[in-house]
Amino acid sequence: MGKERKVILSGNRPTGRLHIGHLFGVLGNWAQLQSEYDTYFEVADWHALTTRYQDTASMKKDIEDMVIDWLSAGISPEKSVIFVQSHIKEHAELHILFSMLVSLSRLLRNPTLKEYVAEKQTLKLKTEKKTLNKIAENITQKVFSEGEKREEVLKGKIKEHVLSELQGIFSQDTEIPYGEIVNYGFLGYPVLQAADILIYRAHVVPIGKDQLPHLELTREIARRFNFLYGEVFPIPEPVLNEFAKVPGTDGRKMSKSYNNTILIGEDTKDLKKKIMSAYTDPKKIKKNDPGHPDTCPIFHYHMIFNKENSDMIKEECIKGIRGCVQCKKEVFEKIDAFMEPYREKRYELEEKRELIWDIIKEGDKKAREKTKETMELVREKMKIDY
Ligand code: SF4
């Protein structure tokens with residue numbers, strides 16, 4: 001009998017179609033891992049709900065679109081278990097049991113939570129500042145009639161005073177309490193993540209560096225459970241996802257929220273539009289201006305899709321013997337050809353979306369077998385198997 005394979009759990013929130021940043025990052029990694037490990041890939045719809053609970057209309061389609069991309073990228077239902085988190089109710093049961101093992105202060109130390117709150121507070125401050133500025137402007141306008149230059153100076157001074165008074169009044173309220181920003185689900189989401197991982201008794205979790213604190217909490221929960229009730233869970237180890245980042249068409253990180261993505265299997269027409277309007281070196285206006293390829297996303301795309309010519313392209317760009325329009329056309333041709341098999345697979349799967357749900361049904365069944373087994377063990381160890 002062969003050696004038992006180690007288990008890996010990974011997943012994504014369903015956000016609809018994925019982009020080439022995902023393809024060269026997480027998905028490429030998953031496709032490789034599935035031949036070495038028992039792999040479970042989770043459509044983390046409950047996690048998505050923690051922040052998009054008011055926007056659920058497209059969730060089903062988002063799940064289908066994401067799974068289509070997984071399959072196009074080589075995730076195989078024969079090799080891996082593809083399941084939907086909310087279909088496996090045991091995740092929720094283990095989440096509740098784990099929630100007794102974690103203190104509130106431990107959850108409040110979660111860096112993702114802190115970032116989220118800081119982001120919301122900055123947004124509130126910005127909105128507030130804009131509103132106050134408008135109020136101050138209006139009051140000043142009412143006090144003075146427009147026109148005379150002499151009055152402009154006074155207007156400016158009065159606006160300054162009104163603004164500072166208003167800021168004084170509102171500043172007491174700038175620190176929004178956590179309770180108003182964060183819902184119970186979001187606060188507890190690292191505990192749900194721990195349940196997702198440990199319910200499969202996963203040994204390995206492929207994650208980005210920024211997710212290490214979450215995995216640390218999972219490891220703490222596993223240790224605490226094993227200490228209190230007896231050995232059930234392996235302590236999962238991280239495998240760091242270390243891939244080169246693919247820049248977005250505007251040069252920033254590729255992200256749906258920046259509207260700068262190139263989708264997996266992007267349609268030829270849309271792809272051309274995106275590439276031809278992409279950001280390039282702003283200092284290179286004419287063909288013979290020397291360029292800076294390292295800061296140009298088009299050059300990064302050449303390095304990925306046209307590697308064999310990238311040294312020559314770099315040199316020509318720097319020397320000012322290459323124009324951006326031609327450079328974009330060339331990379332467009334390469335990406336377009338690269339996308340063809342992904343496009344074909346996507347078209348094929350889009351025609352029969354019910355197939356996605358058949359794959360998920362099969363995956364759910366396998367996931368349920370494993371989770372039922374774990375939960376029986378958990379209840380038995382906790383002596384709550386009455
Ligand atoms: S020539 Fe190519 S690499 Fe150089 S700035 Fe233009 S698009 Fe970018």
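A search of the whole structure finds one cavity of 30 Å³ or more. The structure is a predicted model, where local features need pLDDT of at least 70, side-chain atom pairs count only at pLDDT 80 or more, and totals for chains, interfaces and linings use all residues. Residues are numbered from 1 along each chain as its sequence is written, and side-chain values use heavy atoms, with hydrogens and water left out.

**The cavity.** On a 1 Å grid over the protein atoms alone, a cavity is a set of points where a 1.4 Å probe fits but cannot get out; lining residues have an atom within 4 Å of a point. Grid points are joined across faces, edges and corners, and a volume is the space filled by probe spheres set on the points. The largest cavity has a volume of about 100 Å³. Its lining holds 14 residues, and K284, C296, C317, C324 and C327 lie nearest its centre. Helices (H or I, at least four residues) and strands (E, at least two) are DSSP runs, numbered from the N terminus. The largest share of the lining, three residues, comes from α15.

**Helix α15 again.** F338 sits in helix α15. F338 touches L23, F24 and F305, leaving aside residues up to four places away in sequence. Contact here means heavy atoms within 4.5 Å. F338 and I264 are 74 residues apart in sequence, yet their C-alpha atoms are 9.9 Å apart in space.

**The cores.** A nonpolar core is a set of buried Ala, Val, Leu, Ile, Met, Phe, Trp, Tyr and Cys residues joined through side-chain atoms within 4.5 Å. In soluble globular proteins, nonpolar side chains tend to be buried together. Which members of the largest nonpolar core touch the most other members? They are F98, Y200, I221, F233 and V378, out of 40 residues. Helix α10 (residues 189-198) gives the largest share of this core, six residues. Domain 1 (7-106 + 184-245 + 352-382) and domain 2 (111-181) both contribute residues, so the core lies between them. The domain bounds come from an automatic or database domain assignment. I221 touches F98, L101, V102, V191, A194 and L198, not counting residues up to four places away in sequence. Apart from this core lies another, of 24 residues, among them A48, A73, I264 and Y342.

**A covered strand.** Strand β3 (residues 80-84) is mostly covered, with five of its five residues buried. S80, I82 and V84 point one way from β3, while V81 and F83 point the other way. Strand β2 (residues 38-43) pairs with β3 in the parallel sense over five bridges. Two strands pair if DSSP finds at least two bridges between them. Y40 stands opposite V81 in β3.

Buried means under 20% relative accessible area, exposed over 50%, and partly exposed in between (1.4 Å probe, protein chains only).

| Residue | Relative accessible area | Class |
|---|---|---|
| R201 | 16% | R201: buried |
| F338 | 27% | F338: partly exposed |
| K383 | 66% | K383: exposed |

R201 has a positive phi of about 45 degrees although it is not a glycine. R201 lies in the loop between α10 and β4 (204-207). K383 is not a glycine either, and has a positive phi of about 60 degrees. K383 is found in the segment after α16 (353-382).

Notes: On a 1 Å grid over the protein atoms alone, a cavity is a set of points where a 1.4 Å probe fits but cannot get out, and a pocket is an open set with protein on both sides within 12 Å along at least five of seven lines; lining residues have an atom within 4 Å of a point.
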